[in-house]
Amino acid sequence: MDIAEQLHTIQQNIKKACERSNRNSNDVTVVAVTKYVSVERTRQAIEAGVEHIGENRLEGALEKWEAFDGQAAFHFIGTLQSKKAKHIIDKYDYLHSLDRLSLAKEIEKRCPEGKKIRCFVQVNASGEASKSGLIPEETMDFIEKLRDFPSIEVVGLMTMAPLEEDPEQTRPVFKRLKQLRDDIQKQDFDHAPCHELSMGMSNDYQVAVEEGATFIRLGSTLVGRDKANG
Ligand SMILES: *Cc1c(COP(=O)(O)O)cnc(C)c1O
């Protein structure tokens, strides 16, 4: 699979989804999730025009950052153990999985002087037991509490939708996340502008874009999948 061709196809699909929903396709950022692929394959993605890299585990995250620091923005998209946070937060630009105060404390402690960590609060918008993230009802309260952590900027909400045969089935999950994001935005919190929605993966990104996604996280459909990890 040629990444440049695949990226082009995805961009066309994003454009069409934006036309269907009256959105501007410039408001949708593609994060290439490279957890299943090598450094070499990641290099090809960057050469093809990818500007955002996503990783979900510490080891792969450090490997890709060491290879491409300065050539892309880096997104940590997986669950982050508090004790591992120190390895990530001085290097990565975005954290998509802030879901507890203990992690916020660790970020605050480890954040380099003068830096702000752009965080998405992860929400379990589907209610599936296997998914991490806050339940929607707890999210507003959690975000209010993040006011006490000056190194954290809450840029938006993130969710992982259940994997459905028919991506249409995930639409209500995306709608719920957007509604919640809109409610939080209305509060006008200084520490939580909360403009962004990180939602949509390979199988359901077109529905996610129709429902307002501003960051979509694409692994297998964009860079392929050679490794079993992730
Ligand atoms: C692996 C992963 C993705 C990408 O998955 P694909 O289905 O391969 O696009 C997106 N988000 C998170 C949090 C992931 O762990």
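This is a predicted model: local features need pLDDT of at least 70, side-chain atom pairs count only at pLDDT 80 or more; totals for chains, interfaces and linings use all residues.
**Charges over rings**

I started with K91, which lies over the face of W65, at 5.6 Å from the ring centre.

**Aromatic pairs**

Next I turned to rings that pair with rings. A pair like this is described by the distance of the centres and the angle of the planes. How many aromatic pairs are there? I get a count of five. One of them is Y94 with F215, a tilted pair with 5.6 Å centre to centre and 55 degrees between the planes. Which parts of the chain does this pair link? Distant ones: Y94 belongs to strand 4 (residues 94-98) and F215 to strand 8 (residues 215-218), 121 residues apart. I checked accessibility too: Y94 is buried at 13% relative accessible area, and F215 is buried at 6%. I also noted that ring pairs join F74, F76 and Y92 into a cluster.

**H52**

I looked up H52 and found it in strand 2 (residues 52-55). Is H52 buried or exposed? H52 has a relative accessible area of 15%, so I log it as buried, the cut-off being under 20%. Its side chain makes a polar contact of 2.8 Å with the side chain of H75. Leaving out residues up to four places away in sequence, H52 touches T29, V30, V31, A32, A73 and H75.

**Cysteines**

I went looking for disulfides. A disulfide is a covalent bond between the sulfur atoms of two cysteines. My count comes to zero. C111 is in no disulfide either; the nearest cysteine sulfur is that of C119, 8.9 Å away. I have C111 down as buried, with a relative accessible area of 12%.

**Helix 7**

Then I checked the length of helix 7 (residues 171-186). Its 16 residues should span 22 Å at 1.5 Å a residue, and the end C-alpha atoms are 23 Å apart, so the two agree. Which residues of helix 7 are buried? My list reads R171, V173, F174, L177, L180, R181, D182 and I184. An α-helix has 3.6 residues a turn, so residues three or four places apart point the same way. What do the buried residues of helix 7 pack against? I find helix 6 (136-145), strand 6 (152-158), strand 7 (196-198) and helix 8 (205-210).

**T139**

T139 is buried, with a relative accessible area of 0%. Setting aside neighbours within four places in sequence, I see T139 in contact with V121, V123, L134, L157, L180 and I184. Two of these contacts, L180 and I184, are on my list of buried residues in helix 7.

**The loop after helix 7**

I moved on to D188, which follows helix 7 and is placed in the loop between helix 7 and strand 7. Most residues other than glycine have a negative phi. D188 is not a glycine, yet its phi is positive, near 55 degrees. Is D188 buried or exposed? I find D188 exposed, at 65% relative accessible area.

C194 is in the loop between helix 7 and strand 7 as well. Here I noted a positive phi of about 50 degrees, although C194 is not a glycine. On accessibility, C194 counts as buried, at 0%.

**N13**

My last stop was N13, in helix 1 (residues 3-20). N13 counts as buried, at 15% relative accessibility. Which residues does N13 touch beyond those up to four places away in sequence? They are Y205 and Q206. With Y205 there is also a polar contact of 2.9 Å between the side chains. For a sense of distance, I noted that the C-alpha atoms of N13 and S25 are separated by 10.0 Å, the two residues being twelve apart along the chain.

Notes
Residues are numbered from 1 along each chain as its sequence is written. Side-chain values use heavy atoms; hydrogens and water are left out. Rings of Phe, Tyr and Trp (its six-membered ring) pair if their centres lie within 6.5 Å; planes under 30 degrees apart count as stacked, over 60 as edge-to-face and the rest as tilted. Helices (H or I, at least four residues) and strands (E, at least two) are DSSP runs, numbered from the N terminus. Buried means under 20% relative accessible area, exposed over 50%, partly exposed in between (1.4 Å probe, protein chains only). A charge sits over a ring if NZ of Lys or CZ of Arg is within 6 Å of the ring centre and within 35 degrees of the ring normal. A polar contact is a pair of N or O atoms within 3.5 Å; within protein, one must be able to donate a hydrogen and the other to accept it, and residues adjacent in sequence count only if both atoms are side-chain atoms. Contact means heavy atoms within 4.5 Å. A disulfide is a pair of cysteine sulfur atoms within 2.5 Å. The expected span of a helix is 1.5 Å times one less than its number of residues.
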